[in-house]
Structure formats: structure tokens, C-alpha cells
Amino acid sequence: MSSVPENAPNHCPGTQSEDAGKASACAGCPNQNICASGVPAGPDPALEIIKERLANVKHKIIILSGKGGVGKSTVTSLLGHALAKLNPDANVGILDADICGPSQPRVLGVSGEQVHNSGSGWSPVYVTDNLSLMSIGFLLGSPDDAVIWRGPKKNGMIKQFLSEVDWGDLDYLLIDTPPGTSDEHLSVIQYLSAAGASGALVVTTPQEVALLDVRKEIQFCRKVGLPVLGVVENMSLFVCPNCQARSEIFPATTGGARAMCAALGARLLGALPLDPLLARCCDAGADFAADLPHSPAVRALRDIVAEIVATCEGPKSS
């Protein structure tokens, strides 16, 4: 009987099959070249390299959402800033794994910076003293350059990021991924299998058209054995910056993230209201939490970060 690796794509023919590495289901799998070569299957040597590289990274959190446009990259940047400010002695890193749509350099205000390579690997770009970023956006000639790559090349770039970036000692590494349950997500999870991922943080918006795909993302996490740390409902309400009145831009016709979490047994970490000033800060690369500390979104963000820290760090001994 053909041997199917753990976390393999659906319809994997197995490593002993004549179609190993050649079937349509193999497209985008990080092990495609190894299987196609006919060499007896064994652990990918990159797994041990990544494990050693990330040995000093305490918590590795993958930011996911089955739906595009829910503000996943914005939430990632907000969490990065908030975690870095919560404890000035803590170090936070963000890995922009959205190969075709890298937005973190813009959102974090470091567009135009360059990555430097040394004997210890690639050095990430520092946003603040304790918040760093790595993105393919730093490697492009222009922010308008399109990355037109198939799955295997994207997988190779993700492997390079995980194995060659010199993060140093990190308390949190947030990995921002594109929407869906495809190549990039499988690559990140498989390459972190030896290093150990803390879990996934899933971002959604309240309307059913987003929840349809977010439910799939949660099921994906469970199928590949990735713990779901919790769900963040973004753009839950619109808060008028003038009168502070609240209204639903995306109506939760089926109960929103709260009802979905109750049905799926997932944890709702909190809800972030929609604030137009936040969008302006992201375009300008400004730190929204620092510039507008009294915003309802910032207050909600602090509660969400407290939940994440409590989940990752666990109860403290007295």
C-alpha cells in the first residue's frame, strides 16, 4: 500500500506510487521534487535546519483566514505593534508569507528598506527596537512588481524565509499568510512541523459570505493538526470618529463570529470595530495604537492581545 505522508495534500498518491511527484495533486507540495526523483522518502533536511534556526523563537503564530479582504494583514500589524508595546523587553517578529501580495512593508511604514545578508543569514528590517519584519516586498525592484510564481517556487521562498532569516531571540513570530488553504499554508505548516507552531489565529468579518470560508479554514487547521488559538472578528461595527455612534456595515445575519465559534467549538478572542482612521494609518505606515490610544479599536485590541498572551504563556505560577 502506498505511504501517504502526514499533512499531505488531498488525493496524494503516496510516496511509493509510480505517480509520486507527478500527479496533479502533487502540484505545490513541498516534497514534490523528492517524490518525483525516486529517492527513498525520508525527512526533508530543511525541517531540522528550520528547527535549529527557530530554536530561540518562543511562540510561532500563523495568522489565517479562508476569505480575502477581512483585514488579516492589518490585524497582524496591529498585533505586532501591541505585543511589542505590551512588554518593551519582549521581541516580536512578523513574517510576511503572502508572496504575491506582500503588504506588511507598507502597513508597518518600512517600504523602501533593504534586507541585508550576512554570514548568519538575512537580517530582518526593524520597525521599532523590538519589532522586526521580513517580506518579499523588500526583495522587489519596485512595489508595483508582480510576483508571478507557481506553487513550488512560492514554497521555496517560504522555506528560505524560515531557514535563512536571522531573527535572534523572539518571544513572538507572527506569520501573515494569504487567504485560502493552499500552497503557502501547507508549506508553512509542514516546514514548522519540527520547530513546532503554537497555533493559528483566524480572522473573519461578521457577514456570512466571509464566515463560509472561515469555517473551511478552521476545518483545515483541524485536519492538519494545527491548534486554533482563537478567532478575531474584524470590522464588527463601524464607529463614527466624530460622534462615536456605532452601526453595522457588515451585518451578522447568521450570528457573526460568536455564533460560528459556538457551533465549531472555537474560541472568540474579541471583535475589532471598523475605524476609518485605522485605514489611514495603514496607508501611511503609522502605528495606529500609539497615535490613537483612545480609539475603541485600540481598546478592543488590548483585550485581544491579553487573551493571546494568556493562551500562549499559560497561567503564571505564584
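**Stop one: a lysine and its partners**

Select Lys-67, which counts as partly exposed because its relative accessibility is 25% (buried means under 20% relative accessible area, exposed over 50%, partly exposed in between, with a 1.4 Å probe and protein chains only). Before going on, note that this is a predicted model, in which local features need pLDDT of at least 70 and side-chain atom pairs count only at pLDDT 80 or more, while totals for chains, interfaces and linings use all residues. Residues are numbered from 1 along each chain as its sequence is written, and side-chain values use heavy atoms, with hydrogens and water left out.

Lys-67 sits in the loop between β1 and α3 (72–86) and Asp-213 in helix α7, so the pair ties together parts 146 residues apart in sequence. Helices (H or I, at least four residues) and strands (E, at least two) are DSSP runs, numbered from the N terminus. Asp-213 is partly exposed, at 22% relative accessibility. Which residues share one salt-bridge network here? Show Lys-216 too: Lys-67, Asp-213 and Lys-216 are joined through shared partners.

**Stop two: two further salt bridges**

A search of the whole structure finds 9 salt bridges. For another one, select Lys-72 and Asp-176, with closest N and O atoms 3.8 Å apart. Lys-72 belongs to helix α3 and Asp-176 to strand β7, so this pair ties together parts 104 residues apart in sequence. Are these two buried or exposed? Both Lys-72 and Asp-176 are buried.

Next, pick Glu-307 and Arg-267, whose side chains meet in a salt bridge at 2.2 Å, N to O. Glu-307 is in helix α11, and Arg-267 is in the loop between α8 (256–264) and β11 (268–274), 40 residues apart.

**Stop three: a covered helix**

Colour residues 183–191, helix α6: 9 of its 9 residues are buried. What covers them? Show α2 (45–53), β1 (57–64), α5 (151–164), β7 (170–176) and α7 (208–223), which are among the covering elements.

**Stop four: the cores**

The largest nonpolar core has 76 residues, and those with the most contacts inside it are Leu-54, Ile-61, Leu-79, Phe-161, Leu-192 and Leu-201. Such a core is a set of buried Ala, Val, Leu, Ile, Met, Phe, Trp, Tyr and Cys residues joined through side-chain atoms within 4.5 Å. Helix α11 (residues 296–313) gives the most to this core, with 9 residues. A second, separate core of 10 residues includes Ile-218, Val-231, Met-260 and Leu-264.

Centre on Leu-192. Beyond neighbours within four places in sequence, Leu-192 is in contact (heavy atoms within 4.5 Å) with Ile-50, Leu-54, Lys-60, Ile-62, Leu-162, Ile-175 and Ala-197.

**Stop five: a backbone angle and the cysteines**

Select Met-235 in strand β9 (residues 228–239). Its phi is near 55°, a positive value in a residue other than glycine, and Met-235 is buried at 14% relative accessible area.

Finally, show the cysteines: the count is 0 disulfides, a disulfide being a pair of cysteine sulfur atoms within 2.5 Å. For Cys-26, the nearest cysteine sulfur is that of Cys-12, 5.9 Å away.

Key: A salt bridge is a side-chain nitrogen of Lys or Arg within 4 Å of a carboxyl oxygen of Asp or Glu.
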